[in-house]
Amino acid sequence: MKYLYFLIAVHFVSSNLSAQVQYGLKAPNANEKQQFCNRLEQIFYAQPKEITFGVNEDHQNNLYFQFNDKAWFESLFVDTLDGMAIDVVTKDAYDCNSDGASTAGGEILKPVYANNLKNKIEELGSGSYRIWVGKLPNKYFHKQIEFNIIFLSKKYICRYQTTYNLQSYNYQLLDMGLYMDSITYADDYLGLDVDGFDIKYKTLDFQIPFEKNKVTFSPTDIKPLYDSLRLTDFSIKQIDIQAYSSIEGSEEINKRLQEKRSQSIANALQSFQKPDIQTTVTTSENWVEFLNDIQGTKFEGYKNLSKKKIKEKVTGTVAEELEPYLKRHRKALITLYLERIDQYKTLAGEELVGQFNEAIANDQLSEAQQLQNSLFERIKLREVNPDVLDKLSIPKQKKFVDFFNSNSAFRHRMNTNSLMEAYYEFQELNKLDPDNKKVAYNMLALKLRMNHVFNSITDGETLLEKIRALEGMGIQRSLVQRMLVNYHITNSELLMQERKYYEKDASVRFILETYSEIPLGDMDYLSLAQYLSHYFNTTAAIVLLKDKVKQINVNRALLFYYLNLTLVHDNITQKPEYRTIMLNAINLDRARFCRLFDSAEIGGVTFQLLNNEYLKATYCENCESGL
């Protein structure tokens, strides 16, 4: 399920809009604005941040104003001539061939006034309402369109507002992992293979610099790296290569250089290992670091030029002067996904079970643990049937609780739909060994997930006490804090539903004051940002992500979410560093970046972003010209 946020950009009545006024509507002068619009402005000024609204179109082309607070909506319209109208805007008005930014305003549909607005409200359920505000004319079919909202006071146009679309998947809890031998996080998995099974891995990140025009290197260049892998008993499961060239020269030639460099890296790593290693490659010119590095130099003015103009300048002596920077930009960023080498790889499933049961019977617990882990890995790879776990003979005694714990955690990893079943298993193990920190941690981690899935918190104070007690059992403070953040994530959702906004804000404040104490992965950052924006704290979400998005190896989902949050804020987009962030996104996924400037109806933020001359220049350079 996706949440759709209607976030609002407010515009004063433009001369373009004033020229289109019809239906007896009037654009107020300064005195009239004070006289007729002040009451309406005060209502919007005091509007609680939890109130949202926007315009929806149904399958019969009826337009509805949708909102979530009936009393607030009714307060907008006092006089019989108070009302609203929809302004239909098309993307055709934002032509890249026209100079500068475009101007707001399209075709205003017939206004709807107070009596109809207040007396024909439809309740949709879950605290949502709508009111009919017009019908889309047939001439707009097959066009990209958006709907701006005009709020009227005694027929005076007092507010002209653009809605834009911020779309996100349901925010998730921070990943708490589960204790097996150690904490195993979801991020410790390579992902789902074609059969839907998780492949466990560790990662190793490094970079290889390239000399100018050099594309090959010998396996001996990275032999020390591979030797270190041998010492840790890991093999390479997958290679991700991000190859970068410096920005000077032909983009086509640069791309060929990057591809050859990537292939030489893959070949070098592959020469050490069989079978073949799965490899993914992305290539781009390193505009991100180039624009960062020229800041504060005599070349700083290049930031304001198009990429084509910069390339024209970075030749000859200028290229030589910039070479100390450019040489740092020619490189490959490499991530190796690793899996542990299994010393029991040659044993069949039944043999593993037999040796495990024998080790347990002889009290050889360390060997039994290795055999159990080998069995888990073989099941993940679908080399062994999961049913063999039922053949493990483990006495139900306190000293064997760790084996039961790992078994239950593994089963849940393989089938996350078994949430309640796994929770009850850990509850029983907790009775057998109340002091076992691994069992206690897993039980509470699953309890928090159940609360989030079922949108409820039972025995809240008792649950908080149990979470806080984990630290005394030897669980790291950062893990306990992560659990407390997750408790408040679910708690704030419940308080929001009950319209207990003050208490909800207290839970949000706890999260804002605590997350900096917790080591966060990219998906944690993304979940927190989505959570904060869901609770109308986009400023905090932007602050959370702003340093992450400046990195050349930024997570793609995180970067594009940041763009969704910030593209509508002129005070952010017109800073020089913002172009660097946009070019980073273009390098990662040009098509996805360009789609941000489509209409909200087809998944964009809004094409009315092109009212911003700075954004329009970047869009037209990279999305229309194809450069």
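**Close-up views of a predicted protein chain**

Buried residues make up 51% of the 627 residues in the protein chain. The model shown is a predicted one.

**Figure 1. Overview of the protein chain, with its 23 helices and 18 strands.**

**Figure 2. Helix 11 and helix 12, whose axes cross at roughly 10°.** Helix 11 covers residues 365–380 and helix 12 covers residues 401–414; their axes come within 11 Å. Angles under 35 degrees count as roughly parallel, so helix 11 is roughly parallel to helix 12. On the side of helix 11, the contact is made by Leu 365, Ala 368, Gln 369, Gln 372, Phe 376, Ile 379 and Lys 380. Helix 12 contributes Phe 403, Ser 406, Asn 407, Phe 410 and Met 414. By class, the residues of this contact between helix 11 and helix 12 are seven nonpolar, four polar and one charged.

**Figure 3. Helix 14 and helix 15, with axes that cross at roughly 145°.** The view takes in residues 437–454, which form helix 14, and residues 460–469, which form helix 15. The two axes come within 11 Å. The crossing of helix 14 past helix 15 is left-handed. Leu 444, Lys 447, Leu 448 and Asn 451 of helix 14 make the contact with Leu 463, Lys 466 and Ile 467 of helix 15. Four nonpolar, one polar and two charged residues take part in this contact of helix 14 with helix 15.

**Figure 4. Helix 19 and helix 20, with axes that come within 10 Å.** Helix 19 spans residues 538–545, helix 20 spans residues 556–566, and their axes cross at roughly 140°. That angle makes helix 19 oblique to helix 20. Helix 19 passes helix 20 in a left-handed crossing. From helix 19, Thr 538, Ala 541, Ile 542 and Leu 545 take part in the contact. They meet Leu 558, Tyr 561, Tyr 562, Leu 565 and Thr 566 in helix 20. The contact of helix 19 with helix 20 has seven nonpolar and two polar residues, and no charged ones.

Figure 5. Leu 615 counts as buried because its relative accessibility is 0%, where buried means under 20%. Leaving aside residues up to four places away in sequence, Leu 615 touches Leu 567, Thr 573, Tyr 578, Met 582, Phe 597 and Leu 609. One of these, Tyr 578, is 37 residues from Leu 615 along the chain. The C-alpha atoms of Leu 615 and Tyr 578 are separated by 9.8 Å.

**Figure 6. Lys 155 in the loop between strand 9 and strand 10.** Strand 9 covers 145–153 and strand 10 covers 156–169. Lys 155 has a positive phi of about 70°, although it is not a glycine. With a relative accessibility of 24%, Lys 155 counts as partly exposed.

**Figure 7. Arg 499 in the loop between helix 16 and helix 17.** Helix 16 spans 477–497, and helix 17 spans 501–514. The phi of Arg 499 is near 60°, a positive value in a residue other than glycine. Arg 499 counts as partly exposed, at 43% relative accessibility.

**Figure 8. Glu 421 in helix 13.** Helix 13 is made of residues 419–432. Glu 421 has a relative accessible area of 52%. Exposed means over 50%, so Glu 421 is exposed. Glu 421 and Ser 408 are 13 residues apart along the chain, and their C-alpha atoms are separated by 9.3 Å.

**Figure 9. Ser 516 in the loop between helix 17 and helix 18.** Helix 18 covers 522–534. The relative accessible area of Ser 516 is 61%, and the residue is exposed. Ser 516 and Leu 544 are 28 residues apart in sequence. From C-alpha to C-alpha, Ser 516 and Leu 544 are 9.4 Å apart in space.

Methods:
Residues numbered from 1 in each chain as written. Predicted model: local features only at pLDDT ≥ 70, side-chain atom pairs only at ≥ 80, totals over all residues. Heavy atoms only, no water. Helix = DSSP H or I, 4+ residues; strand = E, 2+ residues; numbered from the N terminus. Buried < 20%, exposed > 50% of the residue type's maximum accessible area, 1.4 Å probe, protein only. Axes fitted to C-alpha atoms, helices over the stretch in contact; angles between N-to-C directions. Parallel < 35°, antiparallel > 145°, perpendicular 65-115°, else oblique. Left-handed = near helix turned anticlockwise from the far one by under 90°. Contact = heavy atoms within 4.5 Å. Nonpolar A, V, L, I, M, F, W, Y, C, P; charged D, E, K, R; others polar.
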